[in-house]
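Subject: Handing over the structure

Dear colleague,

Please find the structure below, followed by what was found in it.

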Amino acid sequence: MKKFSVVIAGGGSTFTPGIVRMLVENLGRFPLERLYLYDNDGERQAILGEAIEIMLSEEAPDIDFAYTTDPKKAFTGMDFCMAHIRVGKYAMRELDEKIPLKHDLIGQETCGPGGMAYGMRSIGGMMELIDLMEQYAPECWMLNYSNPAAIVAEACRVLRPDSKVLNICDMPVGTLRRMSQILGTTPDQLEVDYFGLNHFGWWTSIRGKDGTDYTEQVKAYVKENGYLNQVEIDTQHTDPSWQETHKKAKDLFAVEPRFLPNTYLQYYLFPEDMVAHSNPEYTRANEVMGGREKEVFDTARRIIANGTAKENGFHIDSHASFIVDLARAIAFNTHERMIMIVENNGAIANFPDDAMVEVPCIVGSKGPEPIAQGKIPNFEQALMFQQVTSEKLLVEGFIEGSYQKVWQAFTLSRTIPTATKAREVLDDLIVANGDFWPELK
Ligand SMILES: NC(=O)c1ccc[n+]([C@@H]2O[C@H](COP(=O)([O-])OP(=O)(O)OC[C@H]3O[C@@H](n4cnc5c(N)ncnc54)[C@H](O)[C@@H]3O)[C@@H](O)[C@H]2O)c1
Ligand SMILES: O=P(O)(O)OC[C@H]1O[C@H](O[C@H]2[C@H](O)[C@@H](O)[C@@H](O)O[C@@H]2CO)[C@H](O)[C@@H](O)[C@@H]1O
Ligand SMILES: [Mn+2]
């Protein structure tokens, strides 16, 4: 079987070690020739890079491994770029969450004013990454899950329409895994229908691969418990904020009992509850910095000090194997059914063709082919149109340097009640983001 060359962009990410371990676990179905890490923060990346080098020398010594800040070295000859960058890192995520809360608005990584602030930072970083990939590895595919994925995907559609970039979010995969636990089965035994925008969608059907319809069974569970499960198979989701999120799906389901909700809808349908339950001094960024980030970097330093990763090494992110499924779909034309963020072009019949939507696709060597989901009800269509218009205006505002359009984008978000509030929070975010944003006139 051909061996592949992969660069992980955002090599210093908290997710990198778990993904590298997952790649090692999957070598049998996705063999690796080369695995490089690329980041523009050499110091941060070096801590993980040095530890991963030790781990790979013990677990997979045949892989040519390197970590670098040199894009030429990072990208030349690569087949796939797995991209998970965070422009501004955790320091800026913290501000994205805390500044809106000062205005009694949602303080969240990808939703509401914080998500839009993050979007205004990410677009530039992502376009730079795509250009580097195309300069040094014209055949390379980018598998992108850098956030905010909806805004990044819209920016790719407008600014780099012909680039080989596939945008995907792990939320549908993660929630399907919870649904499979509810049903006492495994995700690979299930098939779903789903429509929406990234972090803004609904499942319409959950079926067994043999055709058995489990939708009502999952609904009955979610009606009582949300997606809160008894089984926790990853440490990440035992964090209190994730437990609350999974519980809250019960309230989302009450609003629209025809479908099963993506948990991110909590920020749009219950914004005042979410603000009331937030601590403006301690947000999710603080929870992650004291939790996942600390654990990953402490583990790396320990591996380096011990000179071995055999005991007390990195945890595997087995859930991230969907990234290998996606790479294999492209490499081997597997026609894998995956939920992806793609240009609508009729997949949702009563929604604009040029909207970036999240729907099941069949993925092969040419990329994703969306599966038609038919017409959606007025309630969802109206919510989605408001949200997608906000996302489009934000991207236009970024490209044109237009304060007016960015203000309109903020005003259209359901998480912000008035144009006055939109302007107040926008003005604070402009100051906080400085050169991370283009100048808005
Ligand atoms: N779509 C999904 O489902 C999903 C799931 C999990 C995480 N994510 C995203 O993955 C990303 C990483 O998350 P994290 O919590 O590990 O963040 P992190 O801050 O730990 O890591 C991000 C890394 O990106 C680097 N970086 C920033 N700008 C860069 C650029 N222009 N070029 C190269 N490297 C750059 C940073 O230096 C940092 O090391 C975020 O965007 C996060 O939102 C997405
Ligand atoms: O607050 P964080 O940084 O822990 O997570 C934010 C991300 O949440 C989603 O990803 C989850 C995923 O849904 C879950 O199954 C598991 O893999 O953990 C991921 C990270 O917690 C979401 O899809 C991402 O876009 C967010 O960045
Ligand atoms: Mn996501």
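Just after helix α7, G184 takes a positive phi of about 70 degrees. Helices (H or I, at least four residues) and strands (E, at least two) are DSSP runs, numbered from the N terminus. This is a predicted model, in which local features need pLDDT of at least 70 and side-chain atom pairs count only at pLDDT 80 or more, while totals for chains, interfaces and linings use all residues. Residues are numbered from 1 along each chain as its sequence is written, and chains are lettered from A and ligands numbered from 1 in the order in which they are written.

Helix α7 itself has 13 residues (171–183), which should span 18 Å at 1.5 Å a residue, the expected span being 1.5 Å times one less than the number of residues; the C-alpha atoms at its ends are 18 Å apart, which agrees. Its buried residues are P172, T175, L176, R177, R178, M179 and I182, where buried means that 20 or more other C-beta atoms lie within 10 Å of the residue's own, exposed means 12 or fewer, and partly exposed is in between, with C-beta atoms placed from the backbone. These buried residues pack against β7 (190–197), β8 (200–208), α8 (215–225) and β10 (336–343), contact meaning that two C-beta atoms, placed from the backbone, lie within 7 Å.

According to the unreviewed UniProt entry, the annotation "active site" covers D170 and Y264; positions are given in the numbering used here, feature names are shortened, and annotations may be inferred rather than shown by experiment. Although the two are spread over 95 residues of sequence, they cluster in space, with a largest C-alpha distance of 12.4 Å. D170, in the loop between β6 (165–167) and α7, is partly exposed, with 17 other C-beta atoms within 10 Å. Y264, in the loop between β9 (260–261) and α10 (266–269), counts as buried, because 23 C-beta neighbours lie inside 10 Å. Leaving aside neighbours within four places in sequence, Y264 is in contact with C111, M171, H199 and F200.

Finally, 27 residues surround ligand 1, the closest being G10, G12, S13, D41 and N147; a residue is counted if its C-beta atom, placed from the backbone, lies within 6 Å of the molecule. The elements that give two or more residues to this shell are α2 (42–59), α4 (89–102) and α5, and α5 gives the most, with three.

Best wishes
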